[in-house]
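Student: I have a structure open and have not looked at it before. Can you walk me through it?

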Amino acid sequence: MTGHQTSFLQELLGMSHSSTIAKPKLSRKIRVAVNRQKIARFSARRLCFYKKYASLVQKTLKRPLFQRFLRWMLMRESIEKHRVKDIQVRVLPFLKNNGNTLAGRCNRRGEIILYPKRLASCRRLESKFGKKSAFLYIKSRARAALVHELLHLKYSSNEDKVRRLTEKYLKIFTRGARNVRNPQMHNVLKILFPN
Ligand SMILES: [Zn+2]
């Protein structure tokens, strides 16, 4: 664990010299998408919330620090970037049969789809932990969902392994980004990885 952390930190330390390195192509595959047939089911106010949510997620996932982290992770896991064809940040949530929302999914063609948390759940989070935590949760959930789906490209149906690795990598990123001293981050990691 410590070893992995050090190498990501070393990656980060090299950042100032990275201007000659081509921008990772992964970020260009990230786009906001909406299922038009679903729009009618949402009020203007909720649509406005989900649009803002999607643009926050897109911005978060395209941040150079996170992109650099993803590149490092894909290299470590020997997942080739060209296996990722498309990363869609969907505006509207996807409800599973049990009433929970799906965070993301991917298929064999390398298409990754990420979904938001429901407005009601975000409100609950905000009233329990405060606005800052809710904001941080949305960003961390999106990073975790993308890491999770990228790992599925390699470990396909090994859900346990993918979950364990997602937690491991998210925590490495959090330490590397020095978010760990942020008191809200503690709550957020606990909600994302309860065990
Ligand atoms: Zn999974």
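**Overview**

Tutor: Buried residues make up 28% of the 195 residues in the protein. A residue is buried if 20 or more other C-beta atoms lie within 10 Å of its own, exposed if 12 or fewer, and partly exposed in between, with C-beta atoms placed from the backbone. This is a predicted model, in which local features need pLDDT of at least 70 and side-chain atom pairs count only at pLDDT 80 or more, while totals for chains, interfaces and linings use all residues. Residues are numbered from 1 along each chain as its sequence is written.

Student: What does the protein average in pLDDT?

Tutor: The average is 87, and 86% of the residues score at least 70. pLDDT is the predictor's confidence in each residue, from 0 to 100. Over residues 16-20 the pLDDT is below 50, and this stretch has zero contacts in the model beyond near neighbours in sequence. Two residues are in contact if their C-beta atoms, placed from the backbone, lie within 7 Å.

Student: How many helices and strands are there?

Tutor: There are eight helices and four strands. Helices (H or I, at least four residues) and strands (E, at least two) are DSSP runs, numbered from the N terminus. Along the sequence the pattern is α-β-α-α-α-β-β-β-α-α-α-α.

Student: And what share of the contacts join residues at least 24 apart?

Tutor: 73%, among contacts between residues at least 6 apart in sequence.

Student: Helix packing next. At what angle do α3 and α6 cross?

Tutor: Roughly 60 degrees, and the axes of α3 (residues 44-62) and α6 (residues 131-155) come within 9 Å. That makes α3 oblique to α6. Axes are lines fitted to C-alpha atoms, for helices over the stretch in contact, and angles run from 0 to 180 degrees between N-to-C directions. Angles under 35 degrees count as roughly parallel, over 145 as roughly antiparallel, 65 to 115 as roughly perpendicular and the rest as oblique.

Student: Is that crossing left-handed or right-handed?

Tutor: The crossing of α3 and α6 is right-handed. A crossing is left-handed if the near helix is turned anticlockwise from the far one by less than a right angle, and right-handed if clockwise.

Student: Which residues meet there?

Tutor: From α3, Tyr53, Leu56, Val57, Thr60 and Leu61 meet Ile138, Lys139, Ala142, Arg143 and Leu146 in α6.

Student: How far apart are the axes of α5 and α6?

Tutor: They are 7 Å apart, and α5 (residues 119-129) packs on α6 at an angle of about 135 degrees. The two helices are therefore oblique to each other, and α5 passes α6 in a right-handed crossing. Cys122, Leu125, Glu126 and Phe129 in α5 meet residues of α6 including Tyr137 and Ile138.

Student: And how do α6 and α7 pack?

Tutor: At an angle of about 135 degrees, with the axes of α6 and α7 (residues 159-176) 9 Å apart. This pair is therefore oblique, with a right-handed crossing. Among the residues making the contact are Val147, Leu151 and Tyr155 of α6 and Leu165, Tyr169 and Phe173 of α7.

Student: Back to Phe129. Why is it called partly exposed?

Tutor: Phe129 is partly exposed because 17 other C-beta atoms lie within 10 Å. Leaving aside neighbours within four places in sequence, Phe129 is in contact with Ala134 and Asn187. Phe129 and Asn187 are 58 residues apart along the chain, with 7.9 Å between their C-alpha atoms.

Student: New topic: α4. Which of its residues are buried?

Tutor: Phe66, Arg68, Phe69, Leu70, Trp72, Met73 and Leu74. Helix α4 (residues 64-76) has 13 residues and reaches 18 Å from its first C-alpha to its last, close to the 18 Å expected at 1.5 Å a residue. The expected span is 1.5 Å times one less than the number of residues.

Student: Which residues does Asp86 touch?

Tutor: Lys29, Glu111 and Ile112, not counting residues up to four places away in sequence. Asp86 is in strand β2 and counts as partly exposed, with 14 C-beta neighbours inside 10 Å.
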